[in-house]
Amino acid sequence: MKLNELRDNPGANKKRMRVGRGPGSGKGKTAGRGIKGQKSRSGVAIKGYEGGQMPLYQRLPKRGFNKPNRKKFAVVNLGLIAKFIEAGKIDAKSAITEDVLVESGLVRRKLDGVRVLAKGDFDTKVTLEVTGASKSAVEAVEKAGGSLTVKTPAAAE
């Protein structure tokens, strides 16, 4: 094989269609846009337009709203905390705070705080300090002989 023999595989390279370049091109004159009408002209914006009929998005009622000051919590399940303790990534003897969870890699970032949920098996005695927890998570930790304290999130300044 020589450099001058290098070629693309047949069909690997397709030239783009240049519209409006004469009758011989197959896409000359109107360039595939047909004759007259809104869509044949430039500067057309008719995404939700239904020919003058009231569009669907206007016929349906408005529903709900997004709370502008809502809190977004990082969610952690007890089963995952147990797994990280078994793997030795979290020390169960010292208090487990949100910062410890972030350092261990269990939580990527704290957001407005960390909320603990009760999914998974948990039977280790630990002291957890987080922003939020479900009732069943608190019960599960206390049943295992540990304690789970919920602190109020600090006001963002």
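Predicted model: local features only at pLDDT ≥ 70, side-chain atom pairs only at ≥ 80, totals over all residues.
**Entry 1: the sheet**

Two strands count as paired if DSSP finds at least two bridges between them, and the strands (E, at least two residues) and helices (H or I, at least four residues) are themselves DSSP runs, numbered from the N terminus. Residues are numbered from 1 along each chain as its sequence is written, and side-chain values use heavy atoms, with hydrogens and water left out.

I found an open sheet of 3 strands in the order β1-β2-β4, with parallel pairing. Because β1 and β4 (132-133) stand at the edges with a single partner strand each, one side of each is left without a neighbour in the sheet. I noted 4 bridges joining β1 to β2 and 2 bridges joining β2 to β4. Asn77 stands opposite Leu117 in β2, while Val116 has Ala133 in β4 as its bridge partner.

In helix α2 (residues 78-86) I listed Leu78, Gly79, Ile81, Ala82, Phe84 and Ile85 as buried. Taking contact to mean heavy atoms within 4.5 Å, I saw the buried residues of α2 pack against β1 (74-77), α3, β2 (114-117), β3 (127-130) and α4 (135-143). Just after α2, Gly88 takes a positive phi of about 85°.

I then looked up the nonpolar core, a set of buried Ala, Val, Leu, Ile, Met, Phe, Trp, Tyr and Cys residues joined through side-chain atoms within 4.5 Å. The largest one has 23 residues, and Leu78, Ile81, Leu101, Val116, Val126 and Leu128 have the most contacts inside it. The elements that give two or more residues to this core are β1, α2, β2, β3 and α4, and α2 gives the most, with 5 residues. Leaving aside neighbours within four places in sequence, I found Leu101 in contact with Ile81, Ile90, Ile96, Leu106, Val107, Val114 and Val130.

Is Glu98 buried or exposed? Glu98, which lies in helix α3 (residues 98-104), counts as buried because its relative accessibility is 6%. Its side chain reaches the backbone nitrogen of Val114 at 3.2 Å. Beyond its neighbours within four places in sequence, the contacts of Glu98 include Lys110, Gly113, Glu129 and Lys151.

For Lys89 I checked whether a charge sits over a ring, which requires NZ of Lys or CZ of Arg within 6 Å of the ring centre and within 35 degrees of the ring normal. The charged end of Lys89 sits over the ring of Phe84, 4.9 Å from its centre.

**Entry 2: the segment before α1**

Lys15 has its place in the segment before α1, and I recorded it as exposed because its relative accessibility is 78%. Lys15 and Lys89 are 74 residues apart in sequence and 56 Å apart in space, C-alpha to C-alpha. Glu5 is also placed in the segment before α1 (56-59), and at 42% relative accessibility Glu5 counts as partly exposed.

Key: Buried < 20%, exposed > 50% of the residue type's maximum accessible area, 1.4 Å probe, protein only. Polar contact = N/O pair within 3.5 Å; in protein donor to acceptor, adjacent residues only side chain to side chain.
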